[in-house]
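Me: I'd like to learn how to read a model like this one, feature by feature. Can you walk me through it?

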Amino acid sequence: MISKVEKRDRSMDKRTTISRPTEGAAGKTGSWRDQKPVLDQKKCKKCLRCWIFCPEGAIVRKEGDAVEIDYEYCKGCGVCMKECPFKAIIMVREGEVYENQEECAKEEP
Ligand code: SF4
Ligand code: SF4
């Protein structure tokens, strides 16, 4: 039997905010960032907590409850990192490229 909660989940949009992020007068909000979240898919348990808490609707819920960060609109606030109970998200300096979290952690002071 499917609970009411499960029914509601299935009908939800892929983003939690009422409206989807769109380009404003100052351009896409991702350009405002100086810190960037990096998600380690190997550590992610698909709990969707980051998706629920991201104030920008910049976490996208994919097939099978996998999540992705939409860097075009992520403002780098760090809420997703703070809310992730599995430490699957870390914040790095914008403009630095990391293959994965392990490499990133090595370079952090
Ligand atoms: S850093 Fe902030 S805006 Fe970017 S994905 Fe995380 S919660 Fe959303
Ligand atoms: S909060 Fe962490 S574990 Fe949960 S879906 Fe987001 S990245 Fe994955």
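This is a predicted model: local features need pLDDT of at least 70, side-chain atom pairs count only at pLDDT 80 or more; totals for chains, interfaces and linings use all residues.

Me: Let's zoom out. How many helices and strands does the chain have, and in what order do the elements run?

Reply: The chain has 4 helices and 4 strands. Reading from the N terminus, you get α-β-α-β-β-α-β-α.

Me: How do I read the contacts across the whole chain?

Reply: Look at how far apart in sequence the partners are. Taking contacts between residues at least 6 apart, 66% of them join residues at least 24 apart. As for burial, buried residues account for 17% of the chain's 109 residues.

Me: How should I think about a core?

Reply: The general idea is that nonpolar side chains tend to be buried together in soluble globular proteins. In this model, the largest nonpolar core has 15 residues, and Cys50, Cys54, Ile59, Cys80 and Ile89 touch the most other members. At least two residues of this core come from each of β1 (35-39), α2 (49-53) and β4 (89-93).

Me: Which residues is isoleucine 89 in contact with, leaving aside its neighbours within four places in sequence?

Reply: Isoleucine 89 is in contact with Pro37, Val38, Leu39, Cys50, Cys80, Met81 and Cys84. Cys50 and Cys80 turn up again here, both among the core residues that touch the most other members.

Me: Now a strand residue. Where does glutamine 35 lie, and what does it touch beyond four places in sequence?

Reply: Glutamine 35 lies in strand β1. With that sequence limit, glutamine 35 touches Gly76, Gly78, Met91, Arg93 and Glu94. The C-alpha atoms of glutamine 35 and glycine 78 are 8.0 Å apart, although 43 residues separate the two along the chain. Glutamine 35 has 15 other C-beta atoms within 10 Å, so it counts as partly exposed.

Me: What about the loop between β1 and α2? Why is lysine 45 exposed, while lysine 46 counts as partly exposed?

Reply: It comes down to counting neighbours. Lysine 45 is exposed because it has 11 other C-beta atoms within 10 Å, and the limit for exposed is 12 or fewer. Lysine 46 has 15 C-beta neighbours inside 10 Å, so it counts as partly exposed. Both lysine 45 and lysine 46 lie in that loop. Lysine 45 also has its C-alpha atom 7.4 Å from that of phenylalanine 86, which is 41 residues away along the chain.

Me: Last one: which residues have a positive phi without being glycine?

Reply: Lysine 46 is one, with a phi of about 60°. Aspartate 65 is another, with phi near 70°. Aspartate 65 lies in the loop between β2 (59-61) and β3 (67-69). With 13 other C-beta atoms within 10 Å, aspartate 65 is partly exposed.

Notes. Residues are numbered from 1 along each chain as its sequence is written. Chains are lettered from A and ligands numbered from 1 in the order in which they are written. A nonpolar core is a set of buried Ala, Val, Leu, Ile, Met, Phe, Trp, Tyr and Cys residues joined through C-beta atoms within 7 Å. A residue is buried if 20 or more other C-beta atoms lie within 10 Å of its own, exposed if 12 or fewer, and partly exposed in between; C-beta atoms are placed from the backbone. Two residues are in contact if their C-beta atoms, placed from the backbone, lie within 7 Å.
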